[in-house]
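The structure under discussion is shown below.

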Amino acid sequence: MAVRPKTVKSTARLSSLSLEKFINTQNSLSKPTPKPFLNHPYEPTIADNQGVRTLTLDHPILRTLDTSQPTLQQFNQVHTQLIISGLFQHPLVASRVVKKLCSSPISFPHAVELFDRFTEPDAFVCNTIMRGFVNFNDPIEGLRFYYVQMVGKFVLENHFTFPVLVKVCGDVGDLKEGERAHGRVVKLGFELDLFVRNAFIHMYGVCGRIWDARRVFDLSSESDLVTWNSMIDGYVKNGEVGFARWVFDEMPERDNFSWNSMIAGYVGIGDMDTAKELFEKMLYKDVVSWNCVIDGYAKMGNVVVARECFDSMPFRNVVSWNMMLALYVRSKDSNECLGLFERMMEVGDAKPNEATIMSVLTACAHLGRLDRGEWLHSYIKTNRRIKPDVLLSTALLTMYSKCGAMDLAQEVFDDMPERSVVSWNSMIMGYGVHGHGEKALQVFLDMERSGQMPNDTTFVCILSACTHAGMVLEGWWYFDRMRRVYNIEPKTEHYGCMVDLLGKAGLVKDSEEIIKKMPMEAGPALWGALLSACRTHSNVELGEIVAKRLIELDPGQIGPYVLLSNIYAVEGRWGDVENVRKMMTEKGLQKVAGCSLVPLRDFEFNFFQGNNSFHNRSMVYSMLRDMGCQMKLSCRKMKE
């Protein structure tokens, strides 16, 4: 009873608020519909001869769309105005909207989503979206879009559709779809269109059907520079350099692409004389022209001439630097590779990319330059342009493992989101080379658990790890498991590891039996491993047989003579030692001096066993005396 007055008061307040809200709503509805960009000075439409109003690009919303950034936030504002004004479904508006969204990889997915909201999409809209898939490296989705959206919604193609569609077929290498498109082109009467012909010439050339490309080329006498260049490029890619040269000589005009294609063709077949002749005839040489010539000399292994061309370049890009760095790595000149990389960083005309870092990491691994490798690792972390993919990460952990920093190699390996079989092999080999046989086998077990299928190189790494650690039983077990479980037939490398493993364990006879039972002929490497085992375990009788066999296989190799001489020396057979050395002298064989590479801060010292320089000996002896004094002082401090 006491609460009744309060209830009446609350109800009266709510009724008052509702009435006020209703009045405000009615006032808003009585106002005219807001028009976008009301005060804009441009007239949105024009009238034709019959008085029909036609939309133009001067419409204020379209002008705002064209000048805006391709971000979703700005586009949503324009999109709202288009819906309010009722212009969204207009063909001109739809084409401008899709073109704007397809100009950026960020907004492109929104253009694909928006396509389903158009009631009557035209060929321009479809062509623009397909071209967006091609530009953003997703040609397969572009092909799917054509069949699902364009064909599925009965949008009629025009002569701009097929160049894009055929380019997609060429990019994915789908000749069957390209032929279907060709049939569609003939049906619609676009076969003689210049742009369509150019697309088909390129597609057939890429897919290996160069004679079909030639038929398309001969369909019409109307040709432009792209037509001729596409024909030359197709011939070159299919190894028909002679026909390419005929087209090159017949074409009415040439550009740098024409010259570079012909130079690349002669480089591909190893005719550097003709390639250099064409290169010298070029009036305007671009960086691609220089790179083609350098690539040709690099493939021939001519480091000197390739470097001369490189130094003569007026300007270079990252490809130029990468080719020279990779050439030095292939030619085992790692010092020159590191020196050139330092020059690249100093000049600054090109920024290193993933290929650059991989070459330099390989050189660091060969030289044992852990300091430079760590600097490169830091450079990768701080540089956002370099994306550490599987190849780069594998090169990094291989460098660490070869330099003996297995803890750092393990860190890189653990941080890899994706690992290849090469990554696993590098870790197994790294632990094996440094004597950690148990860890190497553990990595292999982890590899099996991860589902990664090992290859024949994996078992070479496993057997090598067993050899370094003296794990004979494990080596036999994995040698059998390779055939029994993974159906991998042993190759010469696997037999070589087993011969080395058994020989170092003193099982020389077993090593000999393996060589005799091999399905293939044993090479010098296997006999050399057996001879080394004979020397280690002083098996003179077998050592003589193996040494003679090795000399027959490779008479110019000095190794068998040296090992046989050492075997005789251990047994005290000095007469035989003298005879072996006389044979070496008569055949002009000379042992290469041993070399040790010692990196000290920014300097590297090469110590050769055969170097008799008094100055070098004095320097080394002085350093050894200083080291001895420092060790004595350290021992005294420890005792104190």
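## Cavities

In this predicted model, a search of the whole structure identifies two cavities of 30 Å³ or more. The largest cavity has a volume of about 70 Å³.

Its lining is formed by Q89, P91, A94, F118, T119, E120, P121, D122 and V125. By class, five of the lining residues are nonpolar, two are polar and two are charged.

## Aromatic pairs

The structure contains 23 aromatic pairs. In one of them, the ring centres of F133 and F145 lie 6.1 Å apart with the planes at 45 degrees, so this pair is tilted. The pair links distant parts of the chain, with F133 in helix 6 (residues 123-135) and F145 in helix 7 (residues 139-151), twelve residues apart. F133 counts as buried at 8% relative accessibility, and F145 is buried with a relative accessible area of 4%.

The rings of F341 and W375 have centres 6.3 Å apart and planes at 70 degrees, so the pair is edge-to-face. Because F341 belongs to helix 19 (residues 334-347) and W375 to helix 21 (residues 370-382), the pair ties together parts that are 34 residues apart in sequence. F341 is buried, with a relative accessible area of 1%, whereas W375 counts as partly exposed at 37% relative accessibility.

## Ring cluster and charges over rings

Ring pairs join F108, F115, F133, F136 and F145 into a cluster.

Arginine side chains also contact aromatic rings in the sense that the charged end of R316 sits over the ring of F310, 4.6 Å from its centre. The charged end of R419 sits over the ring of F413, 4.3 Å from the ring centre.

Notes:
Residues numbered from 1 in each chain as written. Predicted model: local features only at pLDDT ≥ 70, side-chain atom pairs only at ≥ 80, totals over all residues. Heavy atoms only, no water. 1 Å grid on protein atoms, 1.4 Å probe; cavity = no way out; pocket = protein on both sides within 12 Å on 5 of 7 lines; lining within 4 Å. Points joined across faces, edges and corners; volume = space filled by probe spheres on them. Nonpolar A, V, L, I, M, F, W, Y, C, P; charged D, E, K, R; others polar. Phe/Tyr/Trp six-rings, centres within 6.5 Å; stacked < 30°, edge-to-face > 60°. Helix = DSSP H or I, 4+ residues; strand = E, 2+ residues; numbered from the N terminus. Buried < 20%, exposed > 50% of the residue type's maximum accessible area, 1.4 Å probe, protein only. Lys NZ or Arg CZ within 6 Å of the ring centre and 35° of its normal.
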